Amino acid sequence: MRNKIAISLFYIIVCICLTGCYNARELDQLGISLIMGIDIEDGKILLTAEIVDPAYTTESSSTIQGSSVKYVQGSGNTVLEALRDITLKFDRRIYGAHNKVLIFGEEVAKLGLVSHIDELFRDKEQRESSYILIAKGAKAYEVMGITNGLETIPANYILDLIQNVKYNPKAVVVSIIDYLRHYYHEGHHPVAGVIEKIKKMEIDELGESTGTKNYELTIIGSAIFKKDKLRGYLNGNDTKAVNFILGHIERSIITFPTPTNVFEEGQSEIGKQQLSSVIVIKSKVKNDVEMEGDRLILKTKVDLRTSLGEFNGKIDLTKEENLNKIAEACSKTAEINIKSAVKKVQKEYGVDIFGFGIEFHRKYPKQWEKIKDNWDEIFAEADFEIEVKTHIIRTGLINNPPIVE
Amino acid sequence: MIQVISKSISENKKRLIDKFNNTSDFVTYEFQNLSKIKMMICYIEGFIDRNILDRDILESLILNLKNRKDIREFIMTSKINEVYAIDEVVNEILYGKAVLLVEGEKIGYALELNKWDKRAVEQPQSESVVRGPKEGFIEDISVNKVLLRRKIRNNNLVFEDLRLGKQTQTTVSLAYIRGIVNEEVLKELKTRLDRIDTDAILESADIEELIEENPKSLIETVTNTEKPDIVAAKILEGRIAIFIDGTPHVLIVPRLFIEGIMSSEDYYIRSYFSSFLRILRTIALLITIYLPGAFVALQLYHQEMIPTVLLISAAGAREGVPLPVTVEVLLMIITLELTKESGLRLPKNVGSTVSIVGTLVLGQAAVQAGLVSALTVILISITALSEFIIPQLVHGIVIYRLIVTLCGGFFGVFGVTCAFLIITMQIVSLESFGVPFAWPIAPINKTGLKDTFIRVHRKHLIYRPKAIAKRNVRRRIPPKGE
């Protein structure tokens, strides 16, 4: 009997999970879209899609850049209308299930993302894992189509940039699902990635001048939202500090001045700061809030396990106390950076993008009910305490730098 | 009414010729020896060794026989049956004996002198191995019995002979080892063989289809093999072999599903490698049945589940292909079967032409002409390769694959999943002579699993398959501490 129930349950689950495949779509009827860009122009939504031309995979001339994709645009009062607008200009149905990146023009972001682009979150084809990027100071279609990597398809170039963030967390990686989660969270405002067109340093290859303007893309920095409205941008270093608090800094590096008081034979180069870097192997972050009377204190404890990545200075690294001093210097630098970034967010934007509101809600659920509507003002006024603890657990392949005998 | 042998030779001769409908290959030879005793020898031409008949039988009978009562002393052969009825005489002659009749005696002497042309024992083409015995069965049942007896020199190895087929009167022999064989299976097999009511047993399949529990199943529940070492190994596990005169294929019952992914060589090579091969065959089994169907389903209904890069190249390959993907894949599957079948029946030198036509024309040209996408060709090639490494299950696989492909084309992954469930349930529900077909996987048996998808070291293969050998289940008793 139990077996029968189990089997019938299994059937029901399978049926529920896998139905909905009544309409077959041949691959040669689909226009596979890899990036969508959303803008507002003349009060209408302008949708730009990067459609991959699959024929390029079979052609031998696939090395020519740009030929692998086509750009289509449609406009309408809603996103759906814009999408349908494309159908009368482009021969294939736009297939959005492989959209990797959504790029929003600055104007849309300022007007509010969720209210304008509900369709992209509602459509069953769209992936909740596609990344959100805000075109900084530009229209979305202005940044599309620029490629400077080795990938033939511009979308893959952008996607690879996003995947590289783990080595250098001066940018944020935010997918639709992350964004919406923070959007619905009380006490945690969303951030989103930024994409910016920058002029490329012209390298005169073989003395030939290309003449045309060369651009490349960068995703450095982050965009701060209040609910779904763009408030402003953070630069790369501040974004890294945000990632510190959010706990996304594994594999990143911290650069700090080499402590001078441990030099064995005086300071050789006075005035010239020597810098060293560590690579973060593991980080543990604990955010907390505390009420002391009327004052609210935001507390962050960061515990880093690091490996020495680069060292300049004359210190005997085989001694543990020296390593501890280096670790201390690293902690100090990190603390200063984080503090300044938090201060900037508090003063300039006044939105809690770190999620301290959630901590407050957890700790003081009763007070939260009273203050939740003006949490952002309270956050902006709150004190911030940071404590970074660094452990250097590895020194790389060598112990002492070559200059130390 | 039984017709007894008459005292008159001419009367007997008349009756016998009458019984054989005056057939031309029936020989009766009447002669008189030096003591004037009239005798007749009758046999079927080509069934007996004439040299021995002349040299060892007739010579001594003609020269030395004085009194017909002493006839047994002058027949120089080791196997003589005495027969009394005309029908018995006919029977003995049909199985290759020469029957000697003496004037004035009501007894006939059947002499075992049979000798006919037979194929030499050679390596079976359908089951070639790299390591292991290379000999295979031939069409003659007595040779086949000897081949098995040479593997198992044990007085408990029993052959039980039967005659089946109303017209053909084929000799069928059950071989098993008394003490190991599953008696219930043996009893059941005998009842089923008794129930067989058929004209002709020309090949093992004539019996196979009639004794199976599930003749409608796509997968057969009776093993057939041409190799004595396989038969020996199987009957040592408690199974029963059915030898059939006139065919080199020996049937073995009961069969387990898992035997389909096994090969005799698995036991002759290192256990790690044979385990690897068996896992490979299991994967191949899944690939060869489900890959075309899953491919069609994903391409038609679930493009979002294909990795982007693969999707783009798949789409690139499909650009300009005029047929829907389901039709395209079905077409290629049918082409594969065409190539296989045409190569199989043709003489060898023409067969190579077929393979060239198949690979070049259908593979290269179809892709270049844009009729078929390159991805589909690759896919069907993988399917075919996977099929060829599990030759035992081929018949089921081909039909299953067609069903799964259609399900995938019409109902997507949902259809493939349903097909998977139905196929699995069907296989699991089969039985072979009362033994669950999917044993030891369903019902699960821990000791049985040691020799399924993996083969553990011989040291640990202590038990015979417990579902088959019910009584004497231990192959050996391991010493303490092992």
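Leaving aside its neighbours within four places in sequence, which residues is B:Thr452 in contact with? In this predicted model, the residues that B:Thr452 touches are B:Ile258, B:Ile261, B:Met262, B:Arg278 and B:Pro440. B:Thr452 belongs to the segment that follows strand 12 (435–436) of chain B. Its relative accessible area is 1%, and B:Thr452 is therefore buried, the limit for that class being under 20%.

B:Phe453 is likewise placed in the segment after strand 12 of chain B. With a relative accessible area of 30%, B:Phe453 is partly exposed. B:Phe453 contributes to a nonpolar surface patch, together with B:Ile279, B:Ile283, B:Ile441 and B:Ile454. The accessible area of these residues together is about 370 Å².

The buried residues are A:Pro154, A:Ala155, A:Asn156, A:Tyr157, A:Ile158, A:Leu159 and A:Ile162.

The cysteines may be considered next. A disulfide is a covalent bond that joins the sulfur atoms of two cysteines. Over all chains, the count of disulfides is zero. A:Cys330 is buried, at a relative accessible area of 0%, and B:Cys42 is also buried, with 0% relative accessibility.

The discussion now turns to charged pairs. Side chains of opposite charge can pair when their charged atoms come close. Over all chains, the structure contains 54 salt bridges. One of them joins A:Arg25 to A:Glu125, with 3.8 Å between the closest N and O atoms. This pair links distant parts of the chain, 100 residues apart. A:Arg25 is in the loop between helix 1 (2–18) and strand 1 (30–41) of chain A, whereas A:Glu125 is in the loop between helix 5 (118–122) and strand 6 (131–135) of chain A. Both A:Arg25 and A:Glu125 are buried, the relative accessible area of A:Glu125 being 12%.

A:Glu125 also forms a salt bridge with A:Arg93, and here the closest N and O atoms are 2.9 Å apart. A:Arg93 lies in strand 4 (residues 93–95) of chain A and A:Glu125 in the loop between helix 5 and strand 6, so the pair ties together parts that are 32 residues apart in sequence. A:Arg93 is partly exposed, with a relative accessible area of 38%.

A further salt bridge in chain A connects A:Lys363 with A:Asp288, at 3.4 Å between the closest N and O atoms. Because A:Lys363 lies in helix 11 (residues 356–363) and A:Asp288 in strand 12 (residues 275–292) of chain A, this pair ties together parts 75 residues apart in sequence. In chain B, a network of salt bridges links B:Lys234, B:Glu237, B:Arg239, B:Glu259 and B:Arg475.

The last topic is the interface. Chain B and chain A bury about 2400 Å² between them, 66% of it on carbon and sulfur atoms. On the chain B side, B:Ile312, B:Glu319 and B:Phe414 lose the most area to chain A, together 24% of what that side buries. The contact involves 28 residues of chain B and 29 residues of chain A. Four salt bridges are counted between chain B and chain A. The side chains of A:Asp28 and B:Arg318 also meet in a salt bridge, with an N to O distance of 3.7 Å.

Note on methods:
Residues are numbered from 1 along each chain as its sequence is written. Chains are lettered from A and ligands numbered from 1 in the order in which they are written. This is a predicted model: local features need pLDDT of at least 70, side-chain atom pairs count only at pLDDT 80 or more; totals for chains, interfaces and linings use all residues. Side-chain values use heavy atoms; hydrogens and water are left out. Buried means under 20% relative accessible area, exposed over 50%, partly exposed in between (1.4 Å probe, protein chains only). Helices (H or I, at least four residues) and strands (E, at least two) are DSSP runs, numbered from the N terminus. Contact means heavy atoms within 4.5 Å. Patches are made of residues with over 30% relative accessible area and no salt bridge: like charges are joined within 9 Å, nonpolar side chains (Val, Leu, Ile, Met, Phe, Trp, Tyr) within 5 Å. Accessible areas come from the Shrake-Rupley method with a 1.4 Å probe; for residues, only the protein chains shown count as cover. A disulfide is a pair of cysteine sulfur atoms within 2.5 Å. Buried area is the accessible area (1.4 Å probe) that two parts lose on being put together, summed over both.
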